Number of protein chains: 2
Amino acid sequence: MKIKEIGGEFALIRRLSEIVPGARPEVIQGIGDDAAVLRVAPEPAPYLLVTTDILVEAQHFNRAWASPEQIGIKAAECNVSDIAAMGGTPRWMFVSLVLPADTEVAWAEGLYRGLGQSCRRHHIAILGGDTTQGALVTVNITLLGSVPPDQLRLRSHARPGDALLVTGCLGASAAALALLSQGQTPSTYLREKHLAPTCRLDVAGRIASLAHAMIDISDGLGSEVGHICKASHVGAEIRASAIPLHDEVRAAGRLLGVDPLHWAIGGGEDFELLFSMPPENVSRLKAGGVTCYEVGRVTDRPGDVVLVSDDGAVSTLGGGYNHFQ
Amino acid sequence: MKIKEIGGEFALIRRLSEIVPGARPEVIQGIGDDAAVLRVAPEPAPYLLVTTDILVEAQHFNRAWASPEQIGIKAAECNVSDIAAMGGTPRWMFVSLVLPADTEVAWAEGLYRGLGQSCRRHHIAILGGDTTQGALVTVNITLLGSVPPDQLRLRSHARPGDALLVTGCLGASAAALALLSQGQTPSTYLREKHLAPTCRLDVAGRIASLAHAMIDISDGLGSEVGHICKASHVGAEIRASAIPLHDEVRAAGRLLGVDPLHWAIGGGEDFELLFSMPPENVSRLKAGGVTCYEVGRVTDRPGDVVLVSDDGAVSTLGGGYNHFQ
């Protein structure tokens, strides 16, 4: 049986995670959130956070479109985004790099300059890794961070009645990819969002102190709302008209004849944050200087994750990107 | 300029590590040992150890020769070996997996059964990872462990006068690979050493309490002696006749017309331990039930790393496996 026949990436992860040992007393959160959470010293010492992401040439980036610096930035930011989504602070990075035999030293150095740029921005040290030869450029990053126990935010803590919010416009990365794939030239804004995104560590801490659940948007709003609802045993209603879209994403939609909501809901790689919080906290968050957009609310109907369009029509909120599907 | 023109893998790592931020007060050891060492809680709390290794199809394993279970075992053991070489205990594993689109679910499950077998053997929990699609099977493992500060053993702590020892016979993995590459069938012993090795966590703790420097043999004895000497600013004399070779490695050498010392010194993937200790500790170690072989001694001549053959001839000890060279 092929992976797509069992439902793709997430079904595979479920099956594989049942094969291997996972439970231990010091494990606060194992497989199933943006990062694992470990108690490495008695509380109130911070928990250790661990996340890992692998980027493969042709699948996650295209060397014809992206400079090595941009690939380095993207590889770093998508991991920092996972630590941010836990309410944590990124600290130590480990980089495994597969390079074809004829790679120019300058190209490898460019990738590291990109990694270094993100790491300096977020005060992260690179402390090790592995470098080897292979046919396709592959970058695996493992990022460790820390979070005080009372700042930890999990996918599983959303509560019925919570407002659901995002930190910024969605769909830009997917719109840029669609344009590039069709030989068009995206605007500087769209290109930057796709090739060298910046995650939202800048606001994650302030959000964490007021939020219940938090997740980063790496596979599209639809997938991430679904993850929160599943982990929290709740439902959600998202209002289509409330999903923030940048003018240039709308313009790209008109150019390619695509509903830009398709990119926002199913596209992925926006690296904005999605979070739930009591409605009364939203004004406090905004008063603290955090720009955010209320896109819907959490309901007490587990499994019922819906999109309400402008005319009141209700449909199932589509999923996001799923490898192998 | 290509990577091989600057000297391959180790030269590249040196250049890349200069680009990115690395120093921080909590970093006991960054790039340059088998694992990074971090102070995550005030001493005498254990240090955190972090190691990562990436295995790529066609480069590190061959699906025609190795079952998915064996690939899983090898991927786990080579990381556990790095933690063992620091004197530490492995604890938490993170697995990034790249699989071609048409991969059978059963194959992926086999790989996880192999990982699970090693993890159960060493009491490791698998707590996360990333699964994605790509043309070549690629497995990146990040393994976290811990070590009490007084049990930590670094490459840099060898001292002139130390005995140099290894925990077992060398060259079996390289001999098996040579046989397989030429269409021959290795014996069960050789095949197992290459396809599903077992690292030496079983004795690492007992060695650590008596040793100065320790490293695991992943790139061949020559390379690892060189790493210890460079990090410790010492030299070494290895006696060719003292390098332990299994009878089946000698037999493979006769069959293929290869000096088996070539595999032991330059072959790699033995995952035995190489360590230095005061000569008076060797008998104590053996009395404690640890089988080991004294292969030479540490000298006070930095950069002078030599092999002394049976007839007294002295030659430079050749290096081990170096990607991109």
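## Domains of chain A

The C-alpha centres of domain 1 and domain 2 of chain A are 22 Å apart. Domain 1 covers residues 3-149 and domain 2 covers residues 153-316, with bounds from an automatic or database domain assignment. This is a predicted model, in which local features need pLDDT of at least 70, side-chain atom pairs count only at pLDDT 80 or more, and totals for chains, interfaces and linings use all residues. Residues are numbered from 1 along each chain as its sequence is written, and chains are lettered from A and ligands numbered from 1 in the order in which they are written.

Between the two domains of chain A, 19 residues of domain 1 are in contact with 21 residues of domain 2; contact requires C-beta atoms, placed from the backbone, to lie within 7 Å. On the domain 1 side, helix α3 (residues 68-85) of chain A gives the most, with ten residues. Helices (H or I, at least four residues) and strands (E, at least two) are DSSP runs, numbered from the N terminus. That side of domain 1 has eight nonpolar, six polar and five charged residues. Here Ala, Val, Leu, Ile, Met, Phe, Trp, Tyr, Cys and Pro count as nonpolar, Asp, Glu, Lys and Arg as charged, and the others, Gly among them, as polar.

## Relation and contact of the chains

Chain B is superposed on chain A by a rotation of 180° with 0.0 Å of shift along the axis (RMSD 0.0 Å). That is the relation of a two-fold axis. Within chain B, B:Ala41 comes closest to the rotation axis, at 3.2 Å (C-alpha).

The contact takes 66 residues from chain A and 65 residues from chain B. Elements giving two or more residues to the chain B side include α1 (9-17), β4 (89-99) and α3 (105-122) of chain B. By class, the chain B side has 37 nonpolar, 17 polar and eleven charged residues.

## Buried residues

Helix α2 (residues 9-19) of chain A has A:Glu9, A:Phe10, A:Leu12, A:Leu16 and A:Ile19 as its buried residues (20 or more other C-beta atoms within 10 Å of their own C-beta atom, placed from the backbone). These residues are on the same side of α2(A) because they cover an arc of only 165° around the axis, taken from the directions from the helix axis to the C-beta atoms. Their cover includes α1 (3-6) of chain A together with α3 and β5 of chain B.

Definitions and conventions: Least-squares fit on C-alpha atoms with pLDDT ≥ 70 in both. Buried ≥ 20, exposed ≤ 12 C-beta atoms within 10 Å, placed from the backbone.
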